[in-house]
Amino acid sequence: MARELDALIARRGRPATIVSDNGTEMTSRAMLEWTNRTGVDWHYIAPGKPQQNGFVESFNGKLRDAGRCRRRWRSTINPLGSHNDRGSGGGQVTAKDAFDRR
């Protein structure tokens, strides 16, 4: 987790505060050392109070919905088989091909 946060900071800059739940990956000694080393303030929400971190809860909901949408989309495309199964020599499937075969 600390390595990923370091990489994010290198790309996006250092945040003043990170808000998270009390999961074990967030409360480890390594994360405590990371916050001390980087100077990033870490705020833990109260246990059982996900509404205290509304941005993350909103993101998680959108991510969950996107996953459902992707599964629906893949179930429409997958019946077509792989590119090689169609004898196209590995070419691309166009949206028109996919929806014409439904």
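**Ground rules.** I'm working on a predicted model, so I note that local features need pLDDT of at least 70 and side-chain atom pairs count only at pLDDT 80 or more, while totals for chains, interfaces and linings use all residues. Residues are numbered from 1 along each chain as its sequence is written, and side-chain values use heavy atoms, with hydrogens and water left out.

**Layout.** I counted four helices and two strands in the chain, taking DSSP runs numbered from the N terminus (helices are H or I, at least four residues; strands are E, at least two). From the N terminus on, I read the order as α-β-α-β-α-α. Buried residues come to 18% of the 102 residues; buried means under 20% relative accessible area, exposed over 50% and partly exposed in between, with a 1.4 Å probe and protein chains only. I also looked at contacts (heavy atoms within 4.5 Å): among those between residues at least 6 apart in sequence, 47% join residues at least 24 apart.

**Helix H2.** Which residues of H2 are buried? I got Met31, Trp34, Thr35 and Thr38, in a helix that spans residues 29-38. Seen down the axis of H2, these buried residues fall within an arc of 95°, so they line one face of the helix; the arc is taken over directions from the helix axis to the C-beta atoms. On the face turned away from the buried side I found the exposed residues Arg29, Leu32, Asn36 and Arg37. The buried residues of H2 pack against H1, E1 and strand E2 (41-44).

Thr35 counts as buried because its relative accessibility is 13%. Skipping residues up to four places away in sequence, I see Thr35 touching Val40 and Trp42. Thr38 has 17% relative accessibility, so it counts as buried too. With neighbours within four places in sequence left aside, Thr38 is in contact with Asp6 and Arg14.

**Core.** The largest nonpolar core has eight residues: Ala2, Leu5, Ile18, Met26, Met31, Trp34, Val40 and Trp42. The set is made of buried Ala, Val, Leu, Ile, Met, Phe, Trp, Tyr and Cys residues joined through side-chain atoms within 4.5 Å. H1 and H2 each supply at least two residues of this core. I followed Ile18: residues up to four places away in sequence aside, it touches Leu5, Trp34, Val40, Asp41, Trp42 and His43.

**Pocket.** How many residues line the largest pocket? I count 19, and Leu5, Ile18, Val19, Met26 and Trp42 lie nearest its centre. A pocket here is an open set of points on a 1 Å grid over the protein atoms alone, where a 1.4 Å probe fits, with protein on both sides within 12 Å along at least five of seven lines; lining residues have an atom within 4 Å of a point. H1 (2-12), E1 (17-20) and H3 (54-77) each supply at least two lining residues.
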